[in-house]
Each structure stands twice: as structure tokens, then as C-alpha cells.
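Here is a short briefing to read alongside the model. Have the sequence and coordinates open as you go.

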Amino acid sequence: MKSRIPVVLLACGSFNPITNMHLRLFEVARDHLHQTGMYQVVQGIISPVNDNYRKKDLAAAQHRVAMVRLALQTSDWIRVDPWESEQAQWMETVKVLRHHHRELLSSLPRTEGPDHSGSASLERAAVPELKLLCGADVLKTFQTPNLWKDEHIQEIVEKFGVVCVGRVGHDAKGYISASPILQRYQHNIHLAREPVPNEISATYIRQALGQGQSVKYLLPDTVIAYIKDHNLYTRDSSWKGESTPHNAGERKAPRAMPETSHSSKGEAR
């Protein structure tokens with residue numbers, strides 16, 4: 001394992017609420033990368049979207065971060081990072097990747113320069129690769145006119161790379177073939193197959209909760225308890241109806257997790 005390239009997986013999304021499917025994506029992606037014999041996944045990061053995304057029925061970030069933290073109590077390699085949710089404004093996906101890449105670089109040990117001058121240099125062999133973890137539906141959104149900036153798509157696939165987990169009804173290979181940018185950097189797009197197709201939808205879960213239906217086994221029990229304790233996703237939730245749209249012309253970036261179908265103009269997260 002020592003000769004393998006270390007990798008950190010970053011998933012961006014609403015996590016409204018986090019589901020077992022979100023967690024499952026990390027496990028499938030890690031298994032796939034390990035099976036290539038080239039990579040060693042050393043960490044997973046979940047980054048909930050900022051409240052200023054203002055998606056309809058979006059619970060407050062403090063609740064979404066708290067639910068992710070509870071869901072990850074049983075994981076020894078995935079963590080939640082609240083940085084994106086704590087910013088003064090909504091952040092595009094590529095900017096979130098840049099931030100975490102800088103964080104990775106700043107956390108690396110430094111060694112004495114080759115000329116023994118005492119100047120510090122990064123221990124390059126230890127630099128992990130940061131890859132965006134997403135579902136196949138996100139690759140499809142790359143084709144939507146005026147949704148993503150071409151330069152952002154290129155930076156994501158060229159500089160960082162993508163680990164894409166297949167979803168029922170989506171043709172990831174076809175999406176790559178249809179995009180000149182994705183074709184050019186397809187060597188940096190890893191397609192992982194989910195052997196147990198699971199279409200748990202956070203949208204369905206919110207609807208079920210609003211109707212008083214059971215969502216047990218779709219979410220971790222700790223998350224279900226949190227939702228009940230804080231009266232989230234019910235018809236009388238105090239935050240319900242917060243759906244103010246973005247300012248005209250603001251571009252939004254698609255989120256990396258399953259909830260990515262949006263009709264608003266600009267990049268959708």
C-alpha cells in the first residue's frame with residue numbers, strides 16, 4: 001500500500017437530510033479505487049451546501065451539518081467539514097475543491113530543501129490527490145447549456161479528478177463521450193459500479209416525513225432521532241418555504257450528490 005497514491009474524496013451536496021445512499025457512495029468509491037491497485041483512499045470529506053443556496057425546503061446548515069456528524073459516528077475515515085456552510089455566501093463547487101486542496105497542502109509536513117539551506121519544501125510524495133465524489137447524474141448536468149462554466153468543468157476533471165458512482169437510468173460512459181472536455185480528461189474520471197443499486201432519494205424522505213411515514217433503514221437512526229427532536233421536514237417546520245431564488249445572473253454549480261436536478265438558470269447545486 002505504501003507505493004499507492006493517497007486520495008481524499010470530497011462530496012458536496014445539500015444533504016437535506018443525509019441518507020444511507022450518501023454514505024454508501026463513499027464505500028463504493030473507495031473499494032473501486034483500491035481495486036485499481038493504484039490508489040489508497042485516506043480520507044473522505046462531506047461538505048454541506050451554504051444556506052444562501054436557498055433551495056426550496058433546505059433545512060438550516062447547522063442542522064444539516066449536525067445530522068451528517070451524527071451519521072458519521074460509525075465511520076473511521078469520513079468526516080464532515082462545515083467550512084462551505086459557514087461562508088458569507090454560496091460557493092461554487094470548484095471553489096470548494098480549491099479550498100480543500102489548499103488545506104491538504106498546508107497540513108503536509110515540510111522537509112529541508114535539497115541544498116540543505118534550511119528552506120522548507122513540500123514532501124511531494126505525501127501529497128494526496130483530492131477527487132470529487134459524485135453520482136452519474138452529475139456528469140449529465142455537465143451537458144446542460146449555461147449550467148456549468150467550461151473552465152470549471154475542465155479544472156475539476158484536469159486538476160482534481162472525479163470518482164463517479166453509477167446510478168440507475170444514467171449512462172456515465174455516454175455522458176463522457178458526449179463532452180469534448182470529459183473525453184479529453186477521461187483518464188481522470190473513475191467510474192465505479194454500485195453492485196447493489198439503491199435509489200434512496202432525500203426528496204422522497206422529506207415527502208415521507210412530511211406525511212408522517214416511516215423512513216427507518218433509509219437514514220441512520222441517530223439522524224431520524226435528530227429530525228424528530230428538532231421538528232424538521234414536517235408541515236409546520238419553521239424554516240419551510242425558504243425558497244428565495246438567487247440573484248439574476250449568478251451562476252450556481254451542480255452538487256456532487258444525488259439531488260442535482262434543478263430548473264433554475266445558472267450552475268445548479
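Predicted model: local features only at pLDDT ≥ 70, side-chain atom pairs only at ≥ 80, totals over all residues.

A residue counts as buried under 20% relative accessible area, as exposed over 50%, and as partly exposed in between (1.4 Å probe, protein chains only). Residues are numbered from 1 along each chain as its sequence is written, and side-chain values use heavy atoms, leaving out hydrogens and water.

**Overall fold**
- The protein has ten helices and eight strands, taken as DSSP runs (helices H or I, at least four residues; strands E, at least two) numbered from the N terminus.
- Of the contacts (heavy atoms within 4.5 Å) between residues at least 6 apart in sequence, 76% join residues at least 24 apart.

**Helix α4**
- Buried residues in α4 include Thr93, Val96, His100 and Leu104.
- Their cover includes β1 (5-13), β2 (39-48), α3 (83-86), β6 (129-135) and α6 (150-160).

**Cysteines**
- The whole structure holds zero disulfides, a disulfide being a pair of cysteine sulfur atoms within 2.5 Å.
- The sulfur of Cys134 has its closest cysteine sulfur in Cys164, 4.4 Å away, which is too far for a bond.
- Cys134 is buried at 1% relative accessibility, and Cys12 is buried at 0%.
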